[in-house]
Amino acid sequence: MDDDDNASSKRGRGATSVVVVDSIARHLHAAPGRLEPLAVVAGDDDIEGIRQRHLDTVRAQYRHARIAPQASPESALCPSLSFSPETTIASVLNEFSRSDDDDGCGSSLRTEEERRLLELASVLFDEPEETAMDGGNDDVAACQRVLSVRRRQALTKWLMGAVKDSVNRDLVLASASPSPAAASVFALMSGHRIDAACLAATSHRDYRLAMLVAQSGAGAVGGGGNDKQMRDLVCAQLERIGKDDPSLAPAYRRVYELIGGRVGDASASLDWKRAFALGLWFAQSPADRISDAVSMYENDALLQSSTRSAPPLPAWLFQGSGGDDCRRRLSTLTLSEISASISSGSIGAKRAAARAADLHRRGVWDPVFQLLKLFSEPAYPLERALLSESFSAARGDSRLSALLAWLLATIRQCRGFEDAKSSTTAAVVVDSLAYDRLLTGWALQLESLGLWHWACFVLLQLSSSPAHKAHAIRALLDRSIPTSLPTASLSPAAAADLLPLCATTTSQAIDMVDDDRIEEQLRFVLDDLCLPRQWLYDAMATRSRYDRDWVDVRCNGGGSTDIEMTSSADHPVLAAAQRQFTASGRPIVRSYFD
């Protein structure tokens, strides 16, 4: 190895070592030119729906991108990529809505939970449209208080929509309760529907309860404000009655505990979102910080030795764990109840409980809770909040985690990665392995779905040096570009853990793209992504060498070999191949078989 090779090797082993997809994909790809089925684990999802969701997600990014080729020859290895400064999380979410309108099938986001997740990110990290006081921005503290109340109001609206289905379900079950009036009032209060709760109380001629309910609720949307004096009086009365007094029905006791701000006991048998919302709405005043409610819920559900609220486990954990009743019951269990369920119950419930205990041990939580933690704790690491397993049972599914990392670290610039280098430029993420790992994981998914040209766009976002980006993209082109003429394509990777997991394992094949599709993909990477044309020529030459369609080797008697060039001497692909394999001064045949 000469000095140049030594220097190059040292640079490659430096702190800027980037995770690239070529080493992984070489093990996952089927033989070039041969179609193999793509293993998918899916329920109602088919492979085309999965591909469409990935396509819509990356297009939402692309519509805000600005790509230009580098002017100087020294930096011509990779085009430059930036994003519009007017981009917000809400504008990206609007791109998904536009895709749904264009497609007419609403398939951009896999579930309503995914859309709500992006809406929550917009609520927490986008700036409200109007934050200034009427008198100007001179009083910074007053402006911050107004901003806090408006954000709290937006979060309340989001939570009311997120828990609406579970509230309606409890309303249906309230009629079978021993105290239907109290059960209905509590269900409505747990969804912050204060006006409806008052109407429910008055319809049962419980006017005093309706008067107390009207003074509760601190969500800044239709609530009474949680008057402290009223809460203290209710708590004092509950203490005087005692917990074991049968004169107060348990359903009514639960309502009064909620009015008095004792949300720990009142949150029993509720899912984690409603348990968190009770603390935000009934244990705080309208001007309190959201971070205090997050800390209150975390202490009640995760940190105490005897927890009283359900932990924020990922929603996918409860899918496929039996019937609807079983899934609802599992989603409301506390940590101690989950541990007890491991040794009892049905096989599906035992497996779900064991998985829940493992997720709790590793700190894998619902992405909604992770966003709340990111908003509440400035030191909370982005790497921990965007674990792929929080979004999907497939640990290699990086679509949503990479999208949120892009939104929070690059677009909003509100949080960076711990391993990223500091920079004075507009780009926050610089040389971060954690960020690049998410991007390369998503690029590999796109490549496995036959969207290699969009994988090139994702790799342009790598936070490492232009040389590393060029290496990753050129390796992708080597795997994906057809021969000198667009007559073949590389088959997608077969990797089940790269795609969303549901109940049943199926195998579906991706049809090989036709010539027109390949030409369209090539035009996209050349004209829209501004990749150097020479990169494509080199990739075609490498593929031609692999397929042996640019030389014809004939073995004659006596061991002699004749070589016949089957491409024109002035063909750019052949010229690139000749440069590749004769630069070292060795014969082409020798380079071909080495």
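Helix H24 (residues 452–459) is largely enclosed by the rest of the structure, because eight of its eight residues are buried, where buried denotes under 20% relative accessible area, exposed over 50% and partly exposed the range in between (1.4 Å probe, protein chains only). The buried residues of H24 are Trp 452, His 453, Trp 454, Ala 455, Cys 456, Phe 457, Val 458 and Leu 459; helices here are DSSP runs (H or I, at least four residues), numbered from the N terminus. The model is predicted, with local features requiring pLDDT of at least 70 and side-chain atom pairs counting only at pLDDT 80 or more, whereas totals for chains, interfaces and linings use all residues. Residues are numbered from 1 along each chain as its sequence is written, and side-chain values use heavy atoms, with hydrogens and water left out.

The structure holds 12 aromatic pairs, a pair being two rings of Phe, Tyr or Trp (its six-membered ring) with centres within 6.5 Å, classed as stacked when the planes are under 30 degrees apart, edge-to-face when over 60 and tilted for the rest. The rings of Phe 125 and Phe 375 are edge-to-face, because their centres lie 6.2 Å apart and their planes stand at 75°. This pair links distant parts of the chain, with Phe 125 in helix H5 (residues 112–125) and Phe 375 in helix H19 (residues 367–376), 250 residues apart. Phe 125 counts as buried at 10% relative accessibility, whereas Phe 375 is partly exposed at 27%. Tyr 62, Trp 454, Phe 457 and Phe 524 form one aromatic cluster.

Arg 205, in the loop between helix H9 (194–203) and helix H10 (207–214), has a positive phi near 60° and is exposed, with a relative accessible area of 66%.

Methods
Helix = DSSP H or I, 4+ residues; strand = E, 2+ residues; numbered from the N terminus.
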